[in-house]
Amino acid sequence: MHPGVSLNVSVYFDVASTAPLHPVARQALTAALDEGWADPARLYRSGRQARMLLDAARETVAGVLGARADEISFTASGTQAVQLGVLGALAGNRRRGGHLVHSAVEHSSVLHTAERHEAAGGGVSVVPVDRLGRVSPDGFAAALRPDTALAVLQSANHEVGTVQPVAEVAGLCGGVPLLVDAAQSAGRLDVPGGWSLLTASAHKWGGPAGVGVLAVRKGVRYASPLPADEREGGRVPGYVNVPAIVAAAASLRAVRAEAERENARLHALVERIRSRVPQLVPEVEVVGDPARRLPHLVTFSCLYVDGEVLLTGLDRAGFAVSSGSSCTSSTLTPSHVLAAMGVLTEGNIRVSLPFDAAEADVERFLAVLPGIVDGIRAPLGLDLPSPAAPRGAEEERPGADGPVTVVDALGKRCPLPVIELAKRIGAVPLGGTIAVLADDEAARLDIPAWCGMRGQEYAGEAPAAEFGGDRGSAYLVRRTT
């Protein structure tokens with residue numbers, strides 16, 4: 001840590017979760033609370049005043065997103081916008097069929113809506129991504145069928161920042177409407193072309209929470225999945241929050257103007273993190289596309305580290321970041337994004353920089369990170385060149401290619417199975433095999449990822465019972481280096 005820097009200084013590096021309220025949004029909100037409080041559907045003076053403010057906000061949002069004003073509806077959140085967009089488009093195109101296509105790395109709002117659609121009898125196809133988190137346009141197009149009613153693809157990933165080839169996919173959709181979730185890119189990047197429906201969320205760009213955007217192109221079939229209501233073009237029922245919408249529109253216009261000058265600076269700061277973290281911290285994997293990515297977001301995973309412990313350590317050092325880690329005490333569930341990419345899911349940290357991010361704060365983050373990771377790893381004894389296994393922790397069993405070293409990690413949660421593997425692999429002869437017994441689902445993801453990082457061969461999975469286990473699976477690793 002740099003001399004003289006207080007640990008009490010809090011640096012917010014988590015705008016991908018939510019951005020602080022933009023000063024322009026605060027000013028607009030305060031003014032609109034006085035001028036736009038009335039019902040915009042009423043014809044008296046205060047109602048007309050509110051209607052004028054609402055119409056102006058709609059025009060502003062439409063202009064930034066490349067839509068017509070009458071194509072824009074305001075929702076209560078970005079999640080609600082996605083849910084209404086998906087269900088409404090499916091309902092509107094039900095004569096075409098009941099098939100939905102989406103990528104494997106979409107936001108949970110898409111995944112949960114798809115689950116509901118499938119439970120109701122609809123069909124769902126999930127398009128895989130490569131190790132950078134990117135879909136193949138041809139692969140996406142191959143998932144479309146004659147009965148496909150809707151395709152869904154995010155503009156950029158919320159966990160790793162990879163920008164998707166939306167325009168290329170749209171060109172291959174062949175008349176199938178495409179919903180684009182632009183929550184992470186709206187205001188920061190140009191809106192990709194070819195969309196039929198578009199969703200966004202104001203609190204991601206510095207607007208107030210509680211305002212989402214649903215844009216539906218003219219000519220796209222849409223039927224509200226909710227009871228009829230005359231407001232917001234019949235797509236979103238309920239009374240609109242005019243002051244919040246006005247603030248959201250004002251801040252969207254402001255951040256889009258700021259992005260023109262800030263994106264290059266943030267891109268350079270993120271590139272500094274991407275390049276220096278692996279130099280400063282051993283056994284780290286930086287994930288996501290290094291080129292086609294959001295300018296302000298970087299994600300990396302640290303081997304042998306619990307993500308929640310790392311987050312706590314960084315918080316104590318004055319940094320607010322987030323994690324898609326495979327293991328936190330609240331969920332014990334792997335990140336579906338990292339799992340779909342086939343990368344390490346443990347010890348995951350996402351850094352997303354605000355527009356005013358200071359270079360000095362990035363340098364301080366890089367200065368404190370190695371010590372925090374080292375402190376977490378130190379009790380594990382992983383600095384030993386060839387750690388010896390404690391007596392009774394492993395045994396040899398005959399295998400097809402010679403003895404197999406068995407490590408019992410049953411009942412242990414990530415990252416412990418991987419830690420046990422790292423400790424034992426040094427005692428296995430070159431060409432030998434080690435079987436890690438584990439009943440934690442994350443091991444199925446993280447052990448192959450560990451092999452890729454360490455240059456070892458992942459030899460597959462077998463029932464744990466074949467190696468003396470009473471539950472779970474055996475993950476086989478052949479030592480090659």
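1. Val343 and its surroundings. Leaving aside neighbours within four places in sequence, Val343 is in contact with Arg131, Glu285, Val287, Leu338, Asp446 and Ala449; contact here means heavy atoms within 4.5 Å. Val343 sits in the loop between α9 (336-341) and β12. Helices (H or I, at least four residues) and strands (E, at least two) are DSSP runs, numbered from the N terminus. With a relative accessible area of 1%, Val343 is buried. Buried means under 20% relative accessible area, exposed over 50%, and partly exposed in between, for a 1.4 Å probe and with protein chains only. Gly375 is 32 residues from Val343 in sequence, and the two are 24 Å apart in space, C-alpha to C-alpha.

2. Basis of the note. This is a predicted model, in which local features need pLDDT of at least 70 and side-chain atom pairs count only at pLDDT 80 or more, while totals for chains, interfaces and linings use all residues. Residues are numbered from 1 along each chain as its sequence is written, and side-chain values use heavy atoms, with hydrogens and water left out.

3. Overall form. The chain holds 12 helices and 17 strands. Its C-alpha trace spans about 85 × 60 × 35 Å along the principal axes. A compact globule of 481 residues would have a radius of gyration near 23 Å, and the 25 Å of the chain agrees with that. This radius is taken over C-alpha atoms, and the globule rule is 2.2 Å times the number of residues to the power 0.38. Of the contacts with a separation of 6 or more, 72% come from residues 24 or more positions apart.

4. Of the 481 residues, 55% count as buried. The chain exposes about 19700 Å², and carbon and sulfur atoms supply 53% of that area. Accessible areas come from the Shrake-Rupley method with a 1.4 Å probe; for residues, only the protein chains shown count as cover. There are 45 positive and 52 negative side chains, and the centres of the two sets lie 6 Å apart. Lys and Arg count as positive and Asp and Glu as negative, while His and the chain ends are not counted. Each charge is placed at NZ of Lys, CZ of Arg, CG of Asp or CD of Glu.

5. Nonpolar cores. The largest nonpolar core has 88 residues, and those with the most contacts inside it are Phe13, Phe300, Leu310, Leu314, Val351 and Phe365. Helix α7 (residues 242-280) gives the most to this core, with 16 residues. A second, separate core of 22 residues includes Leu421, Ala438, Cys451 and Tyr475. A nonpolar core is a set of buried Ala, Val, Leu, Ile, Met, Phe, Trp, Tyr and Cys residues joined through side-chain atoms within 4.5 Å. In soluble globular proteins, nonpolar side chains tend to be buried together. Not counting residues up to four places away in sequence, Val351 touches Phe13, Ile273, His296, Leu297, Val298, Phe300, Val321 and Phe365.

6. Val286 is found in strand β9 (residues 284-287) and, at 23% relative accessibility, counts as partly exposed. Beyond residues up to four places away in sequence, Val286 touches Arg274, Pro278, Val298, Thr299 and Phe300. Glu283 lies in the loop between α7 and β9. Glu283 is not a glycine, yet has a positive phi of about 60°; its relative accessible area of 28% makes it partly exposed.

7. Tyr304. A positive phi of about 65° also occurs at Tyr304, which is not a glycine. Tyr304 is placed in the loop between β10 (297-302) and α8 (307-316). At 5% relative accessibility, Tyr304 counts as buried.

8. Pro415 and helix α11. The peptide bond from Cys414 to Pro415 is cis, with omega near 5°. Pro415 belongs to the loop between β14 (402-408) and α11 (416-425). Because 9 of the 10 residues of α11 are buried, this helix is largely enclosed by the rest of the structure. Among the buried residues of α11 are Glu420, Lys423 and Arg424.

9. Ala358. The loop between β12 (348-352) and α10 (359-377) holds Ala358. Ala358 is partly exposed, with a relative accessible area of 28%. The C-alpha atoms of Ala358 and Gln456, 98 residues apart along the chain, are separated by 40 Å.
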